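Student: Could we go through this model together? I would like to begin with one of the strands.

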Amino acid sequence: MQISIYPGYDELSKAAAAVVAEVVKAKPNAVIGLATGSSPLGLYAELARLHKEEGLDFSKAASFNLDEYVGLPPEHEQSYRRFMNENLFDHINIDKKNTHVPSGTAKDYKKHCAEYEEQIRKAGGIDVQVLGIGSDGHVGFNEPGTSLGSRTHVTTLTEQTIDDNARFFEKKEDVPKFACTMGVGTVLDARKCVMVVNGKKKAKIVREAFEGPITCVCTASALQMHPDTAVFLDEEAASGLAMLDYYRWIQQNSANAPK
Ligand code: GLP
């Protein structure tokens, strides 16, 4: 794992976007895994800027989102499909036909989840997966207790996640209780993972995920087993890390590290 610390949100977002942009430049038909939540908004804004100002080309790229609320149709204000259109897809030249978000209204979720996995496989697998972290340590919607080998499935959201996400809905009761999410195993299959985390309220879970035991109680901790994960933190999110000085030392010396 490569843990990097930046003075603020803008800096970490730009650094994380640069990694995604490198993947797309090296492989124009890259398959990008995408996340929702507020954390990756800066990364998406930077990708949109790179497209507009520097011609970063997504015309051959494809994308797969991590998750969707069960019960929300694509046009719903809080659906993750709508979130992705508004915050990224409408601002870059990706062909929407090549963008995939799990369905919020599937008739048969077992079938839908198996098909989602198959679509990822047929696309050649995910080249780079963007991730945030939930305050209970989830990646995607892989809540505490989810198998670290899990594949795309329907999950029951924790009360904590419902509380966290209630701010986007009129009232807490409107937050769906179920979601369809890629599994932890699906995420771990991505060739590269890029996690963005900011803010003091994430400091504790960042420490648990990256310096604690690998456990299904904090599904992000499974990334410790991933061979190419880069974690982009601001000072606040990094503030609970025991090895903080060492991570800074690595970052300072990275330009001189042997290739
Ligand atoms: C939701 C998403 C996660 C995201 C998390 C954190 O639960 N399913 O993918 O990482 O929110 O959200 P935020 O970035 O707003 O803190």
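This is a predicted model: local features need pLDDT of at least 70, side-chain atom pairs count only at pLDDT 80 or more; totals for chains, interfaces and linings use all residues.

Student: Why do the side chains point in two directions?

Tutor: Side chains in a regular strand alternate between the two faces of the sheet.

Student: In which sense do strand 2 and strand 3 pair, and over how many bridges?

Tutor: The pairing of strand 2 with strand 3 (residues 62–65) is parallel and extends over 4 bridges. Within strand 3, Asn 65 stands opposite Leu 34.

Student: Changing topic: where does Tyr 80 lie?

Tutor: Tyr 80 lies in helix 3, which covers residues 80–87.

Student: Is Tyr 80 buried or exposed?

Tutor: Tyr 80 counts as buried because its relative accessibility is 9%, and buried means under 20%.

Student: Which residues is it in contact with, leaving aside neighbours within four places in sequence?

Tutor: Tyr 80 is then in contact with Thr 36, Asp 67, Glu 68, Tyr 69, Val 101, Phe 141 and Asn 165. With Tyr 69 there is a polar contact between the two side chains, at 3.3 Å. Thr 36 is 44 residues away along the chain, yet its C-alpha atom is separated from that of Tyr 80 by 6.6 Å.

Student: And the surface: which residues form a nonpolar patch?

Tutor: Met 243, Tyr 246, Trp 249 and Ile 250 form one, and together they have about 440 Å² of accessible area. Of these, Trp 249 lies in helix 9 (residues 244–253).

Student: Why does Trp 249 count as exposed?

Tutor: Its relative accessibility is 53%, and exposed means over 50%.

Note on methods:
Residues are numbered from 1 along each chain as its sequence is written. Side-chain values use heavy atoms; hydrogens and water are left out. Helices (H or I, at least four residues) and strands (E, at least two) are DSSP runs, numbered from the N terminus. Buried means under 20% relative accessible area, exposed over 50%, partly exposed in between (1.4 Å probe, protein chains only). Contact means heavy atoms within 4.5 Å. A polar contact is a pair of N or O atoms within 3.5 Å; within protein, one must be able to donate a hydrogen and the other to accept it, and residues adjacent in sequence count only if both atoms are side-chain atoms. Patches are made of residues with over 30% relative accessible area and no salt bridge: like charges are joined within 9 Å, nonpolar side chains (Val, Leu, Ile, Met, Phe, Trp, Tyr) within 5 Å. Accessible areas come from the Shrake-Rupley method with a 1.4 Å probe; for residues, only the protein chains shown count as cover. A salt bridge is a side-chain nitrogen of Lys or Arg within 4 Å of a carboxyl oxygen of Asp or Glu. Two strands pair if DSSP finds at least two bridges between them.
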